[in-house]
Amino acid sequence: MSDAVQSPVLVLGGVRVEFGRKSVLAGLDLTVGANELLIVLGATGAGKTTLLRTIAGLQTPIAGTVAIAGVDMTHAPPGLRDVALVFQNFSLYPGWSVRRNLAFPLRAPGRQLSDDVIDERVTWAARLLHIEGLLDKPAERLSGGQMQRVAIGRALVRRPRIFLFDEPLTNLDAKLREELRVELALLRRQLGIPMIYVTHDRSEALALADRIAVLAGGVIAQIGSSESVWNTPVTAAVAALLGRS
Amino acid sequence: MRHRLGWAFVIPTLLFLIIFNVFPLISSVVLGFTNSELTGGSWEWVGGRNFSRVFNDPKYAAAVRTTVLFTVVAVAVELALGFILALALHRDFRGKTAILTLLLIPMMLPPAVMGIYWNFLFDGDYGVINQVLHAGGLLAPPQWRTDPGLKLLAVVAVDVWMWSPFMLLISLAGLGSIPKHLYEAAEIDRASRWMVFRRITLPLCAPLLGLAALLRATDALKQFDLVMAITGPNDASTQTLSTLLYQVIFSNQRVGLGAAYACVVLVLVIALAIGVTRALARMRSANAGQAV
Amino acid sequence: MTFLALNAVAKTYADGTIAVHGVDLAVDEGEFVVLLGPSGCGKTTTLRMVAGLERATGGSIQLAGKIVTDLPPSQRDVGFVFQFYALYPHLTVRDNLAFPLEAVGVPWRERAVRVNEVAAAVGVTELLSALPRQLSGGDQQRVSLARALIRRPRLWLMDEPLGTLDAAVRASLGAFIHEQQRRHRVTTLFVTHDQEEAMQLADRVVVMEAGRIRQVGTPTAIHDAPRSRFVAHFVGSPGMNFIPATRTAQGLCLADGRHLMIHNAASTDVLGPVIVGVRPQWLQVSTDESEKVGLVATVVLDEYQGDHRLLHADAEGLRLVARIPATQRHALGARVILVPHAEGIRLFDPHSGAAL
């Protein structure tokens with residue numbers, strides 16, 4: 001895949017974010033294509049999470065533009081952007097069943113979906129994530145891996161235009177991380193929704209990526225396929241991020 | 001547009017603050033420079049005369065001493081007692097909730113009622129306290145309500161009884177916020193119980209305890225109701241700034257002079273309040289540092 | 001010489017949950033032993049019982065020839081590294097390091113010398129005046145290691161010390177712990193759920209599951225000769241593949257009548273149904289339709305890993321992974337034949353899951 005992205009879903013142009021005097025994103029450009037899975041790699045504090053927050057509308061840039069599906073969304077509130085964010089610390093509503101947790105985003109005011117549609121969507125998401133058997137279990141009785149599946153499912157039911165993942169597997173056991181990584185890879189082929197996925201796990205990055213974007217110094221230092229980033233890292237720091245020291 | 005909308009939300013609060021906070025503050029300071037009286041009628045500017053009277057009044061000096069003494073002793077005892085109780089109660093046992101609820105009752109009762117109730121207990125001849133002391137063999141039990149040296153002690157005792165539970169609650173919150181793994185680490189490090197208390201429990205609780213003490217002190221400096229109920233406003237050995245103020249305004253009907261007295265209380269309370277806000281800000285920044 | 005001995009050590013909580021069912025383990029002096037298992041397997045509880053932070057409800061623990069089962073942590077002479085560092089937040093790094101010395105009454109002059117010594121060894125000298133919250137996670141864990149080291153305890157206990165760190169920091173700190181342990185010859189018990197970490201650090205690995213020890217052995221033994229399906233799957237990244245087959249005099253026969261293997265390499269004479277275990281690196285992927293032996297499957301996922309690829313294939317509902325060279329490519333949906341290498345074959349009992 002080349003840098004010229006076919007039918008872009010998300011275009012960031014010259015995005016700048018500063019916290020006080022500290023520049024976190026310094027004129028960052030990024031284009032993400034339809035159906036693409038883009039991995040964002042970067043050292044701790046490189047601004048990976050800030051980048052996701054800016055796309056989601058939780059952080060307003062001081063300069064630059066964020067366009068989603070061709071519409072300028074730079075100043076649009078999160079609710080209008082139709083993106084879903086899955087965090088590292090998955091939080092479900094305890095005391096609620098998995099079904100109710102999954103249905104919650106669909107019952108948001110202004111969504112006016114019929115119960116049948118909600119039911120159908122919840123079942124669909126549960127089947128994709130292999131949690132059909134858990135639908136009536138209270139959320140607090142799930143294992144860590146099951147909880148993270150439900151958290152992903154909660155993002156899934158909305159069928160958002162873009163998926164944002166912030167190290168979703170980091171808090172899981174190594175073995176579970178491996179299994180969910182494979183499931184995510186299979187899942188995303190069925191979905192056809194673009195994903196931006198932040199991680200510091202090189203196995204995850206290499207295995208999942210259509211393209212890898214390396215974030216350093218507030219800009220994209222390198223972007224390209226797993227193979228090209230692995231084989232020709234532009235700096236020693238990029239090589240180190242991929243575990244090639 | 002965003003900014004205009006923002007102002008629309010802020011203005012009501014601002015108006016409210018001006019009408020109910022800023023205006024009374026200014027008006028009481030202004031009153032301090034007049035000779036206006038409670039009954040109304042004409043008044044005129046008297047310049048700094050009220051204030052010079054305040055500072056030359058021996059009753060005033062005595063009231064400052066009494067108030068500060070009361071505040072320091074009461075708050076210190078409440079803090080110590082509350083913290084010790086919290087240390088004892090900071091574990092799980094049967095009936096803990098019941099005990100806590102019982103301990104918290106005094107804090108919720110109206111102080112005037114409490115003052116009157118304690119008067120019965122303190123009564124020199126019929127009071128329960130002295131009955132017990134008498135039965136215990138003390139032939140000349142202390143005269144709580146007449147001995148000038150004991151009267152202030154009685155007020156302190158009731159205040160302590162009322163407000164130690166507050167310190168207990170804050171202390172329990174402080175103890176509860178110390179992560180369990182720090183105690184485990186200290187156990188591994190072979191620290192003695194005393195060292196754990198001195199180096200971990202106390203310093204980690206201190207910011208919250210300090211804040212609670214400051215809050216209690218601002219309140220204690222305005223001590224009024226217990227004194228009124230136990231000794232009345234005009235008792236030399238228990239007259240606090242607030243009861244003196246009451247005396248000047250309502251018995252002597254000198255509003256202007258009273259306002260001057262009030263200003264002085266105000267300065268004290270504001271000084272403490274600034275202390276409270278600073279302490280809060282420091283705690284917040286410390287917590288923010290932790291989150292990063 | 002056995003330095004730490006666990007005899008039928010068990011833990012049942014007040015609510016009746018059994019966290020550890022009678023664990024037996026002997027650790028030699030100077031040995032680095034890793035407790036490995038999924039979350040909830042009882043590894044952390046076991047470690048905490050050795051430390052004395054948790055009371056054993058059964059069995060006994062012997063440390064340096066002395067029964068310590070009912071002693072408090074302070075009388076066991078152990079250093080503990082917590083997953084979330086557990087540094088004293090209001091004390092500087094210097095005071096954190098001096099804390100264990102102060103606790104046992106080391107005079108302040110000697111304290112200062114030893115703090116500087118250990119800080120230099122761990123590489124935190126320039127951080128001595130900082131507060132824990134001003135440090136990165138990796139540096140906090142370094143300080144925590146130094147604090148566990150400074151009193152020169154006879155036993156080091158570590159509860160997933162690398163679990164919350166970034167991959168890069170994890171690797172370097174792991175190597176550092178290894179080096180420190182070798183240098184000081186401190187007997188070490190280390191808990192992790194990450195089998196790669198266990199393999200890199202351990203002299204011996206203890207695999208735990210559901211409150212029981214499943215296998216104890218060197219990393220090589222655990223990896224190459226797993227005693228059960230659980231160990232075979234849990235160890236290795238990804239874990240071992242399992243293929244149901246029937247063992248006949250001719251070889252290993254698959255359900256569809258094909259042969260998985262013609263001659264028998266395995267070390268058993270049992271005939272009949274077995275589970276064949278093959279690690280991904282012992283599975284060859286062939287596109288040669290004339291291949292007589294091997295499992296026919298369809299490629300479902302190709303995971304690029306830089307220096308190799310993980311090819312996931314489906315054989316009638318059976319999911320298999322093969323580790324192949326990065327240069328070898330197979331299209332999704334392609335028909336492939338997975339041929340196991342005779343050397344890599346392990347056999348398991350289809351009912352008990354035990355190695356045959």
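These questions and answers look at two interfaces in a predicted model.

Q: What makes C:R309 and A:E227 a salt bridge?
A: The closest N and O atoms of C:R309 and A:E227 are 3.1 Å apart. A salt bridge needs an Arg or Lys side-chain nitrogen within 4 Å of a carboxyl oxygen of Asp or Glu, so this pair qualifies. Across the interface of chain A and chain C, the rule finds three salt bridges.

Q: How do you know that chain A and chain C touch, and how many residues take part?
A: Contact means heavy atoms within 4.5 Å, and by that rule 21 residues of chain A are in contact with 28 residues of chain C. The area buried between these chains is about 2,000 Å², with carbon and sulfur atoms giving 46%. A:D173, A:K175 and A:H200 supply 27% of the area that chain A buries against chain C, more than any other three residues.

Q: Why is the area lost on coming together quoted for an interface?
A: Because the size of an interface is often given that way. Between domain 1 and domain 2 of chain C, the buried area is about 680 Å², of which carbon and sulfur atoms give 56%. C:H223, C:R229 and C:A232 supply 68% of what domain 1 of chain C buries against domain 2 of chain C, more than any other three residues.

Q: What polar links join domain 1 of chain C and domain 2 of chain C?
A: Three residue pairs are in polar contact across that interface, both residues being at pLDDT 80 or more. The salt bridge count between these two domains is zero.

How values were computed. Residues are numbered from 1 along each chain as its sequence is written. Chains are lettered from A and ligands numbered from 1 in the order in which they are written. This is a predicted model: local features need pLDDT of at least 70, side-chain atom pairs count only at pLDDT 80 or more; totals for chains, interfaces and linings use all residues. Side-chain values use heavy atoms; hydrogens and water are left out. Buried area is the accessible area (1.4 Å probe) that two parts lose on being put together, summed over both. A polar contact is a pair of N or O atoms within 3.5 Å; within protein, one must be able to donate a hydrogen and the other to accept it, and residues adjacent in sequence count only if both atoms are side-chain atoms.
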